[in-house]
Amino acid sequence: MTTFDPGLHLPRATGSAWWRPLLDLHGRSLDQLRNNRIDIRHAEFHPAGEQRISESQLLAWRESLNDWASDRSFPTAMNLEKSSAWDVKLGLRLLEDMGHLPEVLHPDVWCWLATNLLPHFVAYRWGWPKPKEGEIPSGGDAWARFGPGPRNGLRLAVQRILTYGPDIASRASEQEFQSLQNRPAYGLDKRVARLVLQTLVDAFENPASNYGKNGGTRALDANDVCIELRLINSLQPLCFAVEDNIVGTVDEIIERLPYIRKPLAPTGLASSDNR
Amino acid sequence: MPLELRPPWCLTDDDLGDVIKMGLWTSPDGDPALSRDGDDWRPGETVRLSRTVKLEVDLIDLRRRLGLRAGAVVGVAARWSCRSTTTAGVHATGPAPIGLTANNVLIIDVPSTIAGSLEVETCLIVNWTTLDRPTGSCPDGALIWSDGWTIPPRDRTILLEGAQARIPVRTVSFDQYFGQPSGALWAIELDPSIGVDDLLSNVVTVLINKEILQREFRGADDEPDAAMLPPSTLAGMSVDLVRSLTATLREELAGDDDWTELADGSVGAMLVVRLTETFGSVSDALANFENDQSTFSRELWNRFAPDSWRAR
């Protein structure tokens, strides 16, 4: 664990061209990336941030993170299950080091860290954007796993621990996370999101529950439950409901799942989520 | 959500009419929170917002005027969300809505880890005191009114951090910082190796003399307060800053006339904009600087002069 002074401010990547430095990194090996050169002079800091982290502090931190990662099979390839477990471990480690800093959730900070200091962790977990017609893709959307948005790979790992706690985060599936994260109308509220996910993972482990069983899959059922919750939330905001009511609402939807599920498409994939 | 798609129990602003009056969201200092420009907040600061909600009728009349059945209790609630940090929450005593009385105050305490901006929404929620709801009535916890139905998000958003480049301003004791007492109010500090593509916020600092601030610019709490500085001082700082940057970067500026590659927030981007709007072009500005310093200064003062020179 690295101990940073709690008043420390972190570098930020701002503007619409934050993804440009990544064009030069695309395709490099993880070993090359783990020591990627950084230039803190071209990073922005909050103007009121008198105490700024130094380049040497950042490099020492990265070295410590690299050692930590090497002890956890980095850079051996991962399957989906291991990827989710990696997210939990990485999220915990990043929070241990940064959880007390004022900018721990700042999107531009995560963008800078992902594009400059720790691109190897993002590329390891999410891979590089695929070339289009032989060209490295350009634009923020293609590089969203490194960007300031909620899909930033490092930020996702931290957000999962912060929102759900390590206990629930390690029991949930990738699709369950995404089903909630894609529904900001209620998924941004930590209390609500945690209660919903807790109820889902409990239901999955309960042999008597419909959830992920009796003709349903965990991924598609999570999606169906979260869509139903979105509809209910627009009329009865979950954020103002007490705990028992939220859990009861989720349980009630799970009971109705056999009637809610859509028939599987011929390919075995569900039809789109745009309901 | 279009009005016609809402359930019949939802109310319009006209329904509330003179039954419930809501004040503006305000900061603890009493200023309207929605007028923030992104200059005051800094990372790590919590945000407290409050809004008065006044019931102009008694509870029986309220139920009658809003068409609520017996057993339905209306409460007021607020929710906030911060998209940039993907966090959200509700009013301080939540999650349950606050039962309406004659005078209510909604308070939102936003944690210190937020950033960017904050969207707030005020809602009326109906809860039932009976399990036996009349047929066709709204469900327990139903949203019956929200200011989000008529006020667009941009008008319910509190800006914490502006997107514009900002120059760090620090208050320091000139005596300690420069090693000698000084009657100067400010000084511009530039990194000696500054380049046009450096970020403004990294290489430029406006230093304000703590001793002068303590002596002459005290706020309502009798503490030194840079917000008390008059507009003429801010104009002087701007002139001084542009002069100092032009003097430092004139060779670099003279060697190029294509500024399109300069990143947002860079020293060059800011300086090119200021020189062009003041002198017509960077080359004209540099010619003035080299040949006629008095005109250069006068034109800068023309550009940055405040609306009034009087102290506030």
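Predicted model: local features only at pLDDT ≥ 70, side-chain atom pairs only at ≥ 80, totals over all residues.
**Ground rules.** I number residues from 1 along each chain as its sequence is written, and letter chains from A and number ligands from 1 in the order in which they are written. Local features need pLDDT of at least 70 and side-chain atom pairs count only at pLDDT 80 or more, while totals for chains, interfaces and linings use all residues.

**Helix H3 of chain A.** I took helices (H or I, at least four residues) and strands (E, at least two) as DSSP runs, numbered from the N terminus. H3(A) covers residues 55-70, and its end C-alpha atoms are 22 Å apart.

I then looked up its buried residues (20 or more other C-beta atoms within 10 Å of their own, placed from the backbone; exposed means 12 or fewer, partly exposed in between). They are A:Leu58, A:Arg62, A:Leu65 and A:Ala69. Their arc (of the directions from the helix axis to the C-beta atoms) is only 65°, so they sit on the same side of H3(A). They pack against helix H5 (107-117) of chain A. The face turned away carries exposed A:Ser56, A:Ala60, A:Asp67 and A:Ser70.

**Domains.** For chain A, the automatic or database assignment gives domain 1 (20-157) and domain 2 (172-260). Their centres, taken over C-alpha atoms, are 30 Å apart.

**Chain contact.** Counting C-beta atoms (placed from the backbone) within 7 Å as contact, I found 39 residues from chain B and 33 residues from chain A. S4(B) gives the most to chain B's side, with 4 residues.

Note on methods:
Contact = placed C-beta atoms within 7 Å. Expected span 1.5 Å × (residues − 1).
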